[in-house]
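Please look over the sequence and the model first, and then follow the explanation below one step at a time.

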Amino acid sequence: MDTHVHDRRRFLALAAGAAAAPMLTACGAGFGGNDDKSDGSAADDVTGSFDWKREKGTTVKALLNKHPYTDALIADLKSFTEKTGIKVEYDVFPEDNYFDKLTVDLSSGRASYDVFMLGAYMVWQYGPPNWLEDLGPWMRNSSATGAEWDQADFFPNLLQADQWSLKAGAPLGQGGQYALPWGWETNVVAYNTEVFRKLGVKPADTFDELTELAGTIKRKAPGAGFDGMYGIAVRGSRSWATIHPGFMTMYARNGLKDFTVDGGKLTPAMNSPEAVAFTEDWARMVKRGGPPSWTSYTWYQCSSDLGAKKAGMLFDADTAAYFQAVKGASPASGKIAFHPGPKGPGGSLATNMWIWSLGMNAKSKKKSASWLFLQWATGKEHLRKSAITHNHIDPVRKSVADDAAYKDKMRHLPGFLETFETVVDQTKIQFTPQAQFFDATTSWASALQEIYGGKGAKSVLDGLADDLAGKVG
Amino acid sequence: MGWRLTLRPYLLIVPALLLTCGILYPFGLGLYYTLFDFSASKPQPDMVRFENYGAVFTQEAFWNSAWVTVLYAVGAALAETVLGVAVALLLHRSTMVGRVLEKILILPLMIAPVIAAIIWKLMLQPSVGVVNYLLRPFGLGGVQWTDTPTGALLSSIAVDVWVYTPFVAILALAGLRSLPASPFEAAAVDGAGWWYTFRRLTLPMLWPYVLVAVIFRFMDSLKVFDIIYALTEGGPGDSTVVLQIRAYLEAIRFQRYSFGISYTIVLWAVVYLAAMVLVKHLGKIQRKAAEVTT
C-alpha cells in the first residue's frame with residue numbers, strides 16, 4: 001500500500017515535470033519566437049545581371065487591405081506572373097481588422113506573409129522590433145533592381161516618409177527604407193457643388209469660415225431640397241484614424257505640433273494654449289455642422305455621406321471623395337469638387353498625408369521573389385496602368401502625375417488636379433515619429449470625443465499630455 | 001494481470017490530465033509573461049516581477065475600466081434575469097402562440113454578438129436608423145444613442161439584453177416545466193392567488209435555475225468585448241472601455257504584451273472570485289428550494 005502511494009506521488013511528480021518542461025523551454029527560448037537575424041542583408045546574395053525571371057516558379061504570399069488600390073493591383077497580377085513566373089497568393093481583409101491581423105502575424109515571428117500593405121505610421125511600430133526588411137540594400141543592388149525602376153521618379157517626400165532611423169523623435173528621411181510608397185492621399189476639402197450653388201456659398205479660406213459654412217449648410221440645406229444634409233463630414237471614432245486626416249491637417253496649418261523634441265526627449269504639446277484653443281474650435285465645428293453620431297464616424301461613413309448627399313463637405317483624404325465622385329459611383333457623382341481647404345493663420349497649407357506603402361516581412365524566406373514583386377508593384381508600368389485604367393489615383397511617381405492620359409482622366413473632376421498641385425509640395429507626415437503613435441493618437445481621439453461631449457478642453461488635454469509623457473518620454 | 005490493474009487508474013486520469021495541462025499551460029505562460037516588461041519594442045525583456053500589476057492598479061484608466069465593467073455586468077445580468085423570467089412565465093402557459101414565440105425567442109442567440117452589435121449600430125444611427133424613425137412621431141427622433149457616455153453604456157447593455165435574454169428565458173422555462181405539480185395544485189385548492197403562489201412557491205423553487213443563468217450571464221458580461229467594441233469602440237471618451245477592451249488595446253493595438261496580459265489576469269481573478277461567491281450561494285438556494293418542494 002505504501003509502495004502504491006509512493007508510485008502515485010512519483011507519477012504525479014513526473015507528469016508535472018513533463019508538463020512544466022515545454023513551458024520552461026518556451027520561456028527560455030525567449031519571447032515571440034526565434035530571432036535569428038543576420039547582420040548582412042539578403043540583398044547581398046543577389047549577384048549578376050538583373051533578371052525578372054530570376055525566381056521563376058516561386059510563390060509569394062501577400063496580405064492586402066480591401067481598397068480600390070488593391071483592386072487595381074489584383075486586376076494586374078497576371079502581368080506580374082507573366083513577367084516573372086512568380087505566382088502571388090493573397091488574402092484581403094477589411095481595414096477595420098486589417099492592421100490587427102498584420103500586427104499579430106508579424107509579432108508571431110512567422111513568415112505567413114512575405115509582403116503586405118502598411119502605412120508609413122506602421123513603420124514606427126513595426127520597425128523597432130525588426131519585423132520589417134530594410135529595402136535600402138535591395139534598392140542599391142543593381143543585380144536585384146532593374147534600371148527602369150527609377151528611384152528618382154518617386155516624389156521625394158513620399159520615399160522619405162517610409163525611411164526612419166528607428167529613434168523616437170528623429171525626423172523621417174534618415175536610416176532604413178522600411179517600405180515603399182505605393183499609393184497616397186492628401187487631406188483636402190471636397191464639396192457638393194449643387195448645394196453650394198443653391199445656397200450661394202463658396203469654399204472656405206479660413207477655419208472660422210469653414211465652421212460658419214458647415215453650420216450654414218446644416219441649417220439651410222434641408223430647406224433647399226437636401227433632406228437630412230449636414231455641413232461637414234469628418235471622422236470621429238475612437239481610433240488613431242480620427243486624428244490623422246482633417247484634424248491633423250488643420251492642426252498643422254495652425255503651426256501646432258503633437259510633440260516637441262529636445263535632445264531626443266519627446267514632450268507632448270497637444271495641451272499648449274494654442275492647441276487647446278484649436279481643439280475647442282474643431283469640436284465646435286463638429287457640433288455646429290458635423291454628422292450626427294460623429295463619435296462612430298470612420299472614413300467609410302464620411303465618404304459615403306458625401307456620395308449620398310448627406311454631407312455638404314468632406315475634410316478628409318482626396319481619395320475618399322474621389323471614390324464617390326467617379327461617374328455612377330454615387331448619387332453625388334458629377335457634383336463633387338475639390339478645394340485645398342482653409343489656410344492656417346500665416347497662409348499655411350501644410351497638409352498631413354497617408355501613404356499606402358508596401359513592405360516585406362523581415363522573416364520572409366522568399367525575399368528575392370518578394371523584392372521582385374515590390375519592384376513591379378511600385379514600378380512605372382503597373383502604377384501608370386492602375387492610375388489610368390483603375391482608381392489608383394494620387395500617383396506616387398512624378399512620371400504618372402505628369403502623364404497626359406492620367407491628367408485627361410482626372411480633369412473632369414472640378415478642382416482635383418489644381419488642389420493636388422497646390423498642396424503636394426506642402427504635404428508630408430505632420431506627426432513626430434515615435435513607436436507609441438497608436439496609443440497617443442487613440443488617446444487623442446478619445447480626448448476629442450470627451451471635449452465634443454462637453455468636458456473642458458484644457459483639463460482633458462492636460463490629462464492626455466500627462467498620460468503620454470510617461471509613455472513616450 | 002497485476003500490472004494492468006495497477007496501471008488502470010493512471011490511464012483513466014490521462015484524458016483529464018491532458019485537459020488540465022492544456023488549460024494550465026497557456027494560463028501559466030500568460031501569468032509568467034506578466035512578470036516581464038515584454039512589448040514589441042522590447043522583444044528580449046527584463047524580469048520586472050510584479051511591477052506590471054503595480055502599474056495596472058495605479059492607472060486611473062484601470063479603475064475607470066473596472067467601474068464600467070461592473071456597471072455593465074450588473075446592469076446586463078439584472079435586466080436579462082428580470083426580463084428572462086418574465087418571458088418564461090408568459091410562455092409557460094402552453095398556448096399555440098406561446099409555442100410559436102418560443103421558436104422566435106431563440107433567434108438572437110443564433111446571431112453572433114458582434115453581428116448583433118453591428119445590426120443595432122445601424123438601427124441606432126440617429127439620422128437613418130430605424131429606432132429614431134419609429135420614435136419620430138413621439139417627438140424623440142433626434143436621440144444620439146451612442147454619442148453620450150450614458151447613452152453608449154445603456155445602448156451596449158440593451159444589445160446584450162437583446163441577445164441574451166432568451167438564454168435566461170429558456171433556462172427559466174425549463175425550470176418552470178420541471179417543477180412538481182402537487183404544491184401548485186394544493187395552493188389552488190386553498191384558493192391562493194397568482195402573486196402569492198408566485199412569491200411563495202414558484203420563485204423559491206425556480207431560484208436554482210435562475211441563479212445558474214445569473215452566474216453564466218454575470219461571468220460572461222464581466223468578460224464582454226465583442227458587443228461593446230463593435231458598437232462604440234469603447235467611446236465616447238473612455239466611457240465604455242471595459243477591462244477586456246483595455247487589455248486588447250494594450251496587448252494587440254499598442255503591443256505592450258505583458259501589460260495587456262496583466263489586465264486579463266486581474267479580470268480573471270475578479271471573474272473567479274465572483275463565480276466562487278455565486279456558486280456557493282447557488283448551493284444554499286438549491287437546499288432551500290428542496291425544502292419548499294418537500
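**Where the two chains meet**

In this predicted model, Asp439(A) and Arg256(B) form a salt bridge, in which the closest N and O atoms are 2.4 Å apart. Across the interface of chain A and chain B, the rule finds 3 salt bridges, and it also finds 15 residue pairs in polar contact. On the side of chain A that touches chain B, at least two residues each are supplied by α1 (2–28), α4 (95–107), α5 (120–126) and α19 (437–452) of chain A, and the largest share, 10 residues, comes from α1(A). The contact as a whole takes 40 residues from chain A and 39 residues from chain B, and the two chains bury about 3400 Å² between them, with 58% of this area on carbon and sulfur atoms.

We can now turn to a helix of chain B. Helix α11, residues 243–253 of chain B, is largely enclosed by the rest of the structure, because 9 of its 11 residues are buried. After α11(B) comes Gln255(B), whose phi is positive, near 60°.

Finally, consider the surface of chain B. A nonpolar patch is formed there by Val97(B), Val100(B), Leu101(B), Ile104(B), Leu107(B) and Met110(B), which together have about 580 Å² of accessible area. Of these, Leu107(B) lies in the loop between α4 (96–105) and α5 (113–123) of chain B, and since its relative accessible area is 46%, Leu107(B) counts as partly exposed.

Key
Residues numbered from 1 in each chain as written. Chains lettered and ligands numbered in written order. Predicted model: local features only at pLDDT ≥ 70, side-chain atom pairs only at ≥ 80, totals over all residues. Heavy atoms only, no water. Patch = residues over 30% accessible without salt bridge, like charges linked within 9 Å, V, L, I, M, F, W, Y side chains within 5 Å. Areas by Shrake-Rupley, 256 points an atom, 1.4 Å probe, with all protein chains shown as cover. Salt bridge = Lys/Arg side-chain N within 4 Å of Asp/Glu carboxyl O. Helix = DSSP H or I, 4+ residues; strand = E, 2+ residues; numbered from the N terminus. Buried < 20%, exposed > 50% of the residue type's maximum accessible area, 1.4 Å probe, protein only. Contact = heavy atoms within 4.5 Å. Buried area = accessible area lost by both parts, 1.4 Å probe. Polar contact = N/O pair within 3.5 Å; in protein donor to acceptor, adjacent residues only side chain to side chain.
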